[in-house]
Amino acid sequence: MTDRSGDVLPTDQSIGGVSDQLTGIPLHFPAERRWLIAMLFASLLLLMFVISVIALFTRGVGIWGINIPVNWAFAIHNYVWWLGIGHAGTLISALLLLTQSEWRNSLNRFAETMTLFAVVCAGIYPVLHLGRPWYLYWMFPYPATMGVWPQFRSPLEWDIWAVLTYLTVSLAFWYTGLIPDLAAARDRATTRIWQIFFGITSLGWRGSAAHWLRWSQAYRLTAGLAVPLVVSVHSEVSLLFAAGQIPGWHSTIFPPYFVLGAAFSGFAVVSIIAISLRSWFGLNNLVTDEHLDLLGVVLLATGLMTAYGYIFEIFDTLYSSEPHELQTLSDRLTGAYAWTYWGAIFFNFIPLQALWWRSARRTGWSLMLISIFVALGMWLERYLILVTSLYRDFLVSSWSSFTPTFWDWSTYFGTIGLFLVPFLIAIRVIPLISIFETKELLHEEQETKHG
Amino acid sequence: MTSRSSQRMNPPAPRQWSSVEELFDDPAFQAWIDAEYPAAAEFAPTARRQFLKLMGASFALAGLTGCEKSPFVAALPYVNQPERDAIGEPRSYATAVLLDGYAQPVIATTYSGRPTKLDGNPEHPVTRGRSDAFMQAAVLGLYDPDRAQGPARHGEPVTWKDVGAAISLLRTTWGSDQGDGLRMLLGPTSSPTLLRQLDALRSQFPKMRIHLDAPAGTTARAALTTAAYGQALDLHYVLDACDVVVSFDDDVLGPGPDQVRNARGWAASRRRAADRPGIALYAVESVPSATGAVAGERLIADASRMARLAEAFASALDIAGAEAWDLTSTEQGWIESAAKACRAALERTLVTSSACGDPATAVWVARINDALKGAGHTLKATRPVMGPADAGTLAELAHDMRAGKVRSLIILDCNPAYAAPGVLGFADALKQVSSRLHIGLQRDETGELCEWQLALAHSLESWSDARAVDSTASILQPTITPFYDVRNVHQFMAMLLGEIDPAPDAAVRATWQSAFGNDFGARWRAALHDGFIEGAAPFVDATPSTTTNMPASNTSEGLDVVFRLDPTVWDGRFANIGWLQELPKPLTTLTWGNVVSVSPAFAKRMGISNGDHVEVEIDERKVVGPAWIMPGQADNTIALYLGYGRRRVGRVGDGLGYNAYSVQPADHPWIAKGRLRKVGGNETLAVTQLHHRMEGFDLVREVSADQPALPQPKPQESFYPSWPSSKNAWGMVIDLDSCIGCNACVAACTAENNVPVVGKDQVTVGREMHWLRIARYYSGEAETPRSFFQPVPCMHCEQAPCEMGCPVHATTHSPEGVNQMVYNRCIGTRTCSSYCPYKVRRFNFYDYRAAPEAPEQAAQNPDVTVRSRGVMEKCTYCTQRIEAAHAAADKENRALRDGEVVTACQAACPTKAIVFGDINDPDSEVSRLRRDGRHYALLEDLGTRPRTTYLARWRDNGGGQG
């Protein structure tokens, strides 16, 4: 992921034109009808989420299909999935910023936006998942009169800090990156409301050299914070499982395995969004085939690394010959939930192989399809890690099964609404592709050409 | 406060009411109600009545406030009586509950006048403090909200005065023809008072007849001993004097009135030697049972083959007239092996046959026992305690009713409209009777058909008496003032005898007045205090007649259909007790229903899988139920379980399962020939354990006489430092060799720890709440498996994975090594359960608590927190008992003694398989067992260092089939 030679953006476009095009999206929204249809769909999902949460809070987590022994299922599973998706945004923005891979500049804004809302979706699950969610605050170290503190040995306690830190840093990074663009939108806004909105949110940005200097330092520093967080947060999430002794969880490979899997699923979702937005708003000049090519390469790379995790998980089990681990492996490969394992293998790795071909990477629909497969495959992977480990653990007498209920699904699809609604609002009100960074890249490319 | 004994001597004028209405008219009560329940005051009088009816437990409390002043305070506390009442201080009363008419002697623990827990009476020769699941659950039957709450006529509430008037009218008509059209139907009873009253009634109306309804087979038992010995006898197994037991389709250790006694004897024998199993059990059975599960050598044979096998066994022991023919080599091997063991043990041998079996088997078994000289030593006989002796059968009654010979029928605490064999058509015949009177705990299927529907007092709120299986008599004293408008059985009988408003205890006192004679006061007090009256019936000499012709067996074509009483709801009378419905049945772990049990090979042939609906046809009567493939069942035998298919028992038990009584034949009710076919449909059965094989894991370990010790584990390293231990360190050892899977521990735990009942749907999705489960495993082929039981409570790991998982410190480690659960700190992340390798934690997925107004609330142990929705819970080692023992010891400024803390499961266990104590004390029993060669920890390799550990099961050298 270093600098690539050759142009990412077509150089035959003017810098002012880019500004007009991108700030124009919130100011003169081009796809009102399609947006409204999408918004309607997303709102329905959000409504379903709200109903599910009301049912959950009034009746209890019994409305889900969980039981003893599978007392963690959809809530934790989707939490991990959403969080994984979120990580790609940070990786694209922050990691590529730090490595000065400037091709990121067309993708980073919405990738960061995606991160933000995916983390919100993820973060709500641990709350929903509680038996008594109204006591969530007991997880925070406040000076209680009884002198009780949270238990800092618990991975769940680490979890809440990891996610909150990640959310805060992601928000800060996203917003810092947004400031110059908000100023650009302010300068082009014609109605009073937008002028005030962008005026306030741009924090008095004037684009002076001093501003740019400070901004650049702050942005890079936040990026420097965000990148290790991706690793730490998802490593921590994996410890939620690895810290338990349950066969199928108790493995040292889990942290890197989870981080790579997260990046993999995240890049898949970034690809889905990039391709959708590009065709939606006609941004082929900014999100180019070259971008898709690069995304495809990254997807392939992270996918292969995830596959390595799969292989080594099996190797570890066979090498240890621990009977319960072998039992879990055989349950995964041949048990009642074998479809999740083989489904994950298929959706994650089989269509992915098409990405070895350049034409598949550069074609919108094929990359889109493969990415959807990967998102699905990674969802199945989280399902299998949770359910196939828990449904048959050590004592045969406690073996059972898990069947998701209507409310499991409605809560899950509801969170897709919870993701889409703010995301759609965001693309409606903020420049969804970083204007200044795109211009910067364009400028550099033009300079090179002229030079 | 006046001491209880002085009140007993001079009962003060009671503040008692004879009907609900009368009570409501009491201005003081009305004022109290208005103050307590202002909303009630606003209701119109009729609406208020309805409101009060729904108040359930509050109503019960209303009754209790009157407790101190009622005559019931004559009940005598079992333990040293406190000088004054202290709120929250439990009191214990010795009394008994009934099973099949036998007394199950109990100590009832009461709080503020409400019984919450029953345990076996430690002094009683039958229980010695031990109990079974029925005894444990009886207290919930007392608080059953669907009990008949007052007398009614055709469903309309009446007063007992009305009932009295009606009875006196009826008495006039009975008197006119000496009771010619009068019949009385009741279950078998051992109550001297009831038998005396029945005799009195018969002397008043000499032409009346009494009939017995014994769905649990008491009359069948008498018929068998008559066939074998020429007289009706009660047989007593002295298992602790046996070296060898051979059982022919007899569930010696299975549920029933004899279970506690037999299980105690079995366990005592089993532990007799330290280096080998002290008793060998050879069982042949058609349907797997607890007995077969623990047998060293188990033979599988069809039910109709038992007589032939018994004869072959007799022939192997050279008994005259016995021949062995047509045996398979497996049968031959088993018989030779059992005969060899019997010859070696001789008079220390016991051979048994089922009380519900074939008469020919019983005859052969009686002769074998006689030949082996076990009779009188390992097998004792007494005159039967069940009466009345010359009663007619249910079939005769049905016949007479149809013939129009019955004009009045009094049905006393039995339910023939449900439990009569279907062929009798009892419910239809009942309609031929002009005056029908029913008194029972429930207005059940029979009560529904009767004109007069009277409410009977539960045995825990009655004065009565009864005999235990060894014929020792107990006086039942009330542990609570009746909180419904009920009469006890003797009051009702006295009304029939012409008394007006009889006192609750008058009849019982009168019976024992004559028995005790001049010394009545002291002996009565002693009897109430001890819970029983010393002196069992003398043993009689029982010699089997060798000349009787062998009874013929049913040799017609078809499958052997055997009927079995349900191990948790018994003959159906416990169907509305949630604790028992949710108790996983031994071997199947089924809850909330019954099944048609078939063998694996048969199921394969018929293409049946678990839950498929099958139709069983016997003599053209058909019933449809879900199939259950039972590993180890005989191929040509199917088993139907009685006790389900009830329609009018209450909101817990209605509409569950199928009614096997509907196809039960009347003449041979326990074994019949029939057919089975698969019909469409399938249902999900609520089982608590879905997988039965150990899958090669050494969860239940075994030792044999050749290798009596397990390899000693290596010391384990741990990253975590050990917890510092305070003076006591609690531990539990469970002897898998003694466990017979009887469920007494699970029921006791449920009662002690306020474990909620979650219902069929929740069990089906895997959310049962039992803190202690009895894991059941099979090894070997499904056709001939070996079965294992393993009770699994919380392991209280010293390095507990759950403790590090909880983010809010809701599960912690006590200085005494108990893994604690802090319910009110729990936020329900369920991490502890996910991390628990033993999956012993239970979660309140919903609010499982009983409604605040439900009478069941009164059964709850006030020393144990009731858990709300969203909270994890699990075995606490009965921490409330540990703390109570600490408090008692601290008061006396001394250390805790070994055996002072007894957990509920330990107290209940009839085989003493569960031992709890201080592992810091090297002399405690639990420490001694932890040094035993059979000692091991479950999943030891995980390094969790469990405090609950196991003793391996003995593998008898024969090994048995499979």
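Biologist: Hi! What percentage of the 962 residues in chain B is buried?

Modeller: Buried residues make up 59% of them. A residue is called buried if 20 or more other C-beta atoms lie within 10 Å of its own, exposed if 12 or fewer do, and partly exposed in between, with C-beta atoms placed from the backbone. Before we go on, this is a predicted model, where local features need pLDDT of at least 70 and side-chain atom pairs count only at pLDDT 80 or more, while totals for chains, interfaces and linings use all residues. Residues are numbered from 1 along each chain as its sequence is written, and chains are lettered from A and ligands numbered from 1 in the order in which they are written.

Biologist: Thanks! How many helices and strands does chain B have?

Modeller: Chain B has 30 helices and 38 strands. Both are DSSP runs numbered from the N terminus: helices are H or I with at least four residues, strands are E with at least two.

Biologist: What about contacts in chain B between residues at least 6 apart in sequence: what share joins residues at least 24 apart?

Modeller: That share is 75%. Two residues are in contact if their C-beta atoms, placed from the backbone, lie within 7 Å.

Biologist: Let's pick a helix. How many residues of α15(B) are buried?

Modeller: For α15(B), 13 of its 13 residues are buried, so the helix is mostly covered. This helix spans residues 359–371 of chain B and reaches 18 Å from its first C-alpha to its last, close to the 18 Å expected at 1.5 Å a residue. The expected span is 1.5 Å times one less than the number of residues.

Biologist: And what comes just after α15(B)?

Modeller: There B:K373 takes a positive phi of about 65°. Most residues other than glycine have a negative phi, and most peptide bonds are trans.

Biologist: Where does B:D249 sit, and is it buried or exposed?

Modeller: B:D249 is in the loop between β9 (244–248) and α11 (259–270) of chain B. B:D249 counts as buried because it has 30 C-beta neighbours inside 10 Å. Its phi is positive, about 55°, although it is not a glycine.

Biologist: What is phi for B:C878?

Modeller: Near 50°, a positive value in a residue other than glycine. B:C878 lies in the loop between β34 (872–873) and α28 (879–891) of chain B. With 28 C-beta neighbours inside 10 Å, B:C878 counts as buried.

Biologist: Now helix pairs. At what angle do α5(A) and α7(A) cross?

Modeller: Roughly 155°, and their axes come within 9 Å. Axes are lines fitted to C-alpha atoms, for helices over the stretch in contact, and angles run from 0 to 180 degrees between N-to-C directions. So α5(A) is roughly antiparallel to α7(A); angles under 35 degrees count as roughly parallel, over 145 as roughly antiparallel, 65 to 115 as roughly perpendicular and the rest as oblique.

Biologist: What kinds of residues make up that contact of α5(A) with α7(A)?

Modeller: They divide into 22 nonpolar, 6 polar and 2 charged. Here Ala, Val, Leu, Ile, Met, Phe, Trp, Tyr, Cys and Pro count as nonpolar, Asp, Glu, Lys and Arg as charged, and the others, Gly among them, as polar.

Biologist: In chain B, what is the angle between α9(B) and α20(B)?

Modeller: About 95°, with their axes 9 Å apart. That makes α9(B) roughly perpendicular to α20(B). The contact is made by B:P192, B:T193, B:R196 and B:Q197 of α9(B) and B:A507, B:V508 and B:T511 of α20(B).

Biologist: Last one! How many residues of chain A are in contact with chain B?

Modeller: 38 residues of chain A are in contact with 46 residues of chain B. The elements giving two or more residues to the chain A side are α5 and α10 (323–334) of chain A. By class, that side has 19 nonpolar, 14 polar and 5 charged residues.
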